[in-house]
Amino acid sequence: MSESALSIGLFYGSTTCYTEMAAEKIQAQLNTLFDDQVVSLHNIKDEALKRAENFDILIFGISTWDFGELQEDWESHWEEVYQLALQGKTVALFGLGDQLGYADWFQDALGMLHDALVPSGCNIIGYWPNKGYEFAVSKALTEDQQSFVGLSLDDENQYEQTDERIEKWCLQLLEELS
Ligand SMILES: Cc1cc2nc3c(=O)[nH]c(=O)nc-3n(C[C@H](O)[C@H](O)[C@H](O)COP(=O)(O)O)c2cc1C
């Protein structure tokens, strides 16, 4: 049981395990930073998305498929996303995509998830600069086009940067949470 009583629920959907691997790395990194087992993992294929309401701090992970479409487990539960009671909760997002293979749809599902969550009144943290990526169009950019609405990972083309990006993003979350 966590001494700090801090509890972060990380909910993700993953078709070929890349988002799942990133989720595990984020969990390990945050547990190290907090020196405690603060993050629990929840694959939305097996667990009700509604369980997210039990946490005050949440991380959601999603990949983009089929030219700008949602990962299949998120797609199956998409109506539930709009019904989540997340008012006042803190939410961070991360996405997996392929900037070269799908340059016109890079990380679109990340943007769609962000836009679906905003009306809930949650506080979204963990916006991430879009420097160091090469793509044409993305629905996951902020209005000023300078940032992604969450951590953007690309294990197809930039696998070697994933661990460093996760480390940096987790430090950023720690700062934004304190
Ligand atoms: C058939 C197919 C379609 C894809 N479509 C997109 C896309 O539209 N946009 C994007 O950014 N990435 C796209 N990707 C890349 C995936 O998002 C990437 O492989 C990701 O790591 C998959 O994560 P997952 O295994 O956790 O689902 C696609 C990959 C495949 C194989």
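Start by selecting Gly126: at 0% relative accessibility, this glycine counts as buried (buried is under 20% relative accessible area, exposed over 50%, partly exposed in between, with a 1.4 Å probe and protein chains only). This is a predicted model, where local features need pLDDT of at least 70 and side-chain atom pairs count only at pLDDT 80 or more, while totals for chains, interfaces and linings use all residues. Residues are numbered from 1 along each chain as its sequence is written, and side-chain values use heavy atoms, with hydrogens and water left out.

Strands (E, at least two residues) and helices (H or I, at least four) are DSSP runs, numbered from the N terminus. Now show the surroundings: leaving aside residues up to four places away in sequence, Gly126 touches Val149, Gly150, Leu151, Trp169, Gln172, Leu173 and Glu176, where contact means heavy atoms within 4.5 Å. For a distance check, pick Gly9 too: C-alpha to C-alpha, Gly9 and Gly126 are 15 Å apart in space and 117 residues apart in sequence.

Next, click on the ligand. The space it takes is the largest pocket. On a 1 Å grid over the protein atoms alone, a pocket is an open set of points with protein on both sides within 12 Å along at least five of seven lines; a molecule sits in one if more than half of its atoms lie within 2 Å of its grid points. Two elements give two or more residues to the shell around the ligand, α1 (18–34) and β3, and β3 gives the most, with 3 residues.

Which residues come nearest to the ligand? Of the 20 around it, they are Ser14, Thr16, Thr19, Thr64 and Glu156 (near means a heavy atom within 4 Å).

A ligand oxygen is 2.5 Å from an N or O atom in the side chain of Glu156. Another stop is Gln107, with a polar backbone atom 3.1 Å from an oxygen of the ligand. At Asp98, a polar backbone atom is 3.1 Å from a ligand nitrogen.

Finish on Thr64, in strand β3 (residues 57–65). Thr64 counts as buried, at 17% relative accessibility. Its side chain reaches the backbone nitrogen of Asp108 at 3.3 Å. Beyond four places in sequence, Thr64 touches Glu69, Leu96, Trp105, Gln107, Asp108, Ala109 and Leu110.

How values were computed: Polar contact = N/O pair within 3.5 Å; in protein donor to acceptor, adjacent residues only side chain to side chain. 1 Å grid on protein atoms, 1.4 Å probe; cavity = no way out; pocket = protein on both sides within 12 Å on 5 of 7 lines; lining within 4 Å.
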